[in-house]
Every structure is written in C-alpha cells, then in structure tokens.
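This report describes one protein model for a reader who has not seen it before. Please look over the sequence and the structure first.

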Amino acid sequence: MVKIQRSFPAPASLETEIRNPSGGSYSEADVIQQLKEDFHDKCYICELRELQDPEVEHLLPHKNRTYPERVFDWNNLFWACGHCNKVKNQRKYDEGILDCCNQDPEEVISFRLQENKVIVGAKNAEDSTAVLTAMLVEEVLNLKNTAMRDYKSDFRSPFSELCIHIKTGL
C-alpha cells in the first residue's frame, strides 16, 4: 500500500449523481478511467498491476445504501483487485483502515520479508488505524485458509511490487 494522489474535481457522472440521486452507478466510464489513472492501474492494497478484473471499492462501506452519502463520494472510491476487495469486505475492516489518499501508509506501517512471507505491522501499536490496516495488508498477502486463497496470496506475496519494494528498499 502506497500513498496515492487523487485527482480533483470528481468525475462528472458522480457530481450529477450527488446533485440528483437516481440510484445510478458509481462505475461509469469517467469514474473507471479516473480511478485507473489515479491508482496507476494498481490495486490500492496489494499493489498488483494491470488488473484483469478490477473493482471499484468503497473505503467506507455504504451498507446497502444505509450511508447514501458514501455511495457516490469520490473520496470513498478506490481501485482494487477482487481478492483484496473480498478480504477487506469483512465487518472488522468497515470503519477504520487508512485512507492512502490522505496519509502515506509507509509513515505508519512497516513491511518486512521473512522466509517469503510479508510481515506487516503498525509502527505505533497505539494507532488503531495503522494496526487495522496492517492486519488487512498482511491478511491479503498471507491468508491461506482455502486452496484459492493459498494461490492468490502466493501470487501476490513473493512477487508483488510491494515485496520488491521491501527487498530493495525503493
């Protein structure tokens, strides 16, 4: 996870939806194109590049429109791979992971490799946002509770840009 510079203003289709809600979509072409560009066509959590099946992810859940203001909020939309989105889609991650567009994850989270496993931790154990974000990233990279998750974690972990970044210190 790295710091992302989000572009402004929000794509026109989102602005239209906010002003005149019609139950529309947060995945119109202009939104997709801008998210892809802003996030450098990488998943914001695992940093996997050139996603084959990207998803528009809500950093803060909109809970079946319980929080309608979040559905079309440009600051709440992120570019993610399906694996990370599914791992993050757990109640424990609903309201407290770091927004990498507002804060640099590398300032609050540490990454290190240990026997081809990425160890992720909060630099300050009192920072609940950093602790929760570190748990998410470590789970994304290391969770192996099903055969498919074994494959997806292995695919990300030792070969991901994140791991190359850790190995080289770049």
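## Terms and basis

A nonpolar core is a set of buried Ala, Val, Leu, Ile, Met, Phe, Trp, Tyr and Cys residues joined through side-chain atoms within 4.5 Å. Buried means under 20% relative accessible area, exposed means over 50%, and partly exposed lies in between (1.4 Å probe, protein chains only).

The model is predicted: local features need pLDDT of at least 70, side-chain atom pairs count only at pLDDT 80 or more, and totals for chains, interfaces and linings use all residues. Residues are numbered from 1 along each chain as its sequence is written, and side-chain values use heavy atoms, with hydrogens and water left out.

## Overall layout

The protein chain has 8 helices and 4 strands. Helices (H or I, at least four residues) and strands (E, at least two) are DSSP runs, numbered from the N terminus. Along the sequence the pattern is α-α-β-α-β-α-α-β-β-α-α-α.

Of the 170 residues of the protein chain, 45% count as buried. Contact means heavy atoms within 4.5 Å. Among contacts in the protein chain between residues at least 6 apart in sequence, 63% join residues at least 24 apart.

## The largest nonpolar core

The largest nonpolar core has 42 residues, and Phe39, Tyr44 and Ile45 touch the most other members. At least two residues each come from helix 2, strand 2 (77–80), helix 4 (82–88), strand 3 (109–114), strand 4 (117–122) and helix 6 (128–142). Helix 6 gives the largest share of this core, 7 residues.

Leaving aside neighbours within four places in sequence, Ile45 is in contact with Met1, Cys84, Lys88, Leu136, Val137 and Val140.

## Strands 1 and 2

Strand 1 (residues 55–58) and strand 2 run antiparallel and are joined by 4 bridges. Two strands pair if DSSP finds at least two bridges between them. In strand 2, Leu77 and Trp79 point one way and Phe78 and Ala80 the other way, and all are buried.

Glu57 is found in strand 1 and stands opposite Phe78 in strand 2. At 5% relative accessibility, Glu57 counts as buried. Not counting residues up to four places away in sequence, Glu57 touches Tyr44, Asn76, Leu77, Phe78, Ala80, Asn85 and Lys88.

## Charged side chains

A salt bridge is a side-chain nitrogen of Lys or Arg within 4 Å of a carboxyl oxygen of Asp or Glu. By this rule the count comes to 5 salt bridges. One of them joins Lys86 and Glu55, with the closest N and O atoms 3.7 Å apart. Lys86 lies in helix 4 and Glu55 in strand 1, so the pair ties together parts that are 31 residues apart in sequence. Another joins Arg70 and Glu95, with the closest N and O atoms 2.9 Å apart. Arg70 is in helix 3 (residues 68–71) and Glu95 in the loop between helix 4 and helix 5 (105–108), 25 residues apart. Arg70 is buried, with a relative accessible area of 13%, whereas Glu95 is partly exposed at 47%.

Asp38, in helix 2 (residues 29–38), is buried yet has no salt bridge. The nearest side chain of opposite charge, Arg6, is 5.3 Å away; Lys and Arg count as positive and Asp and Glu as negative, while His and the chain ends are not counted. Leaving aside neighbours within four places in sequence, Asp38 is in contact with Ile4, Gln5, Arg6, Ser7 and Trp74.

## Cysteines

A disulfide is a pair of cysteine sulfur atoms within 2.5 Å. The structure holds 0 disulfides. Cys43 is in no disulfide, and the nearest cysteine sulfur, that of Cys84, is 3.6 Å away. Cys43 is buried, with a relative accessible area of 2%.

The sulfur of Cys100 is 4.7 Å from the closest cysteine sulfur, in Cys101, which is too far for a bond. Cys100 is buried, with a relative accessible area of 0%.

## Backbone details

Most residues other than glycine have a negative phi, and most peptide bonds are trans. The peptide bond from Phe8 to Pro9 is cis, with omega near 5°. Pro9 is found in the segment before helix 1 (12–19).

Asp41 lies in the loop between helix 2 and strand 1 and has a positive phi, near 50°. Glu50 lies in the loop between helix 2 and strand 1, with a positive phi near 45°. Asp41 is buried at a relative accessible area of 15%, whereas Glu50 counts as exposed at 57% relative accessibility.
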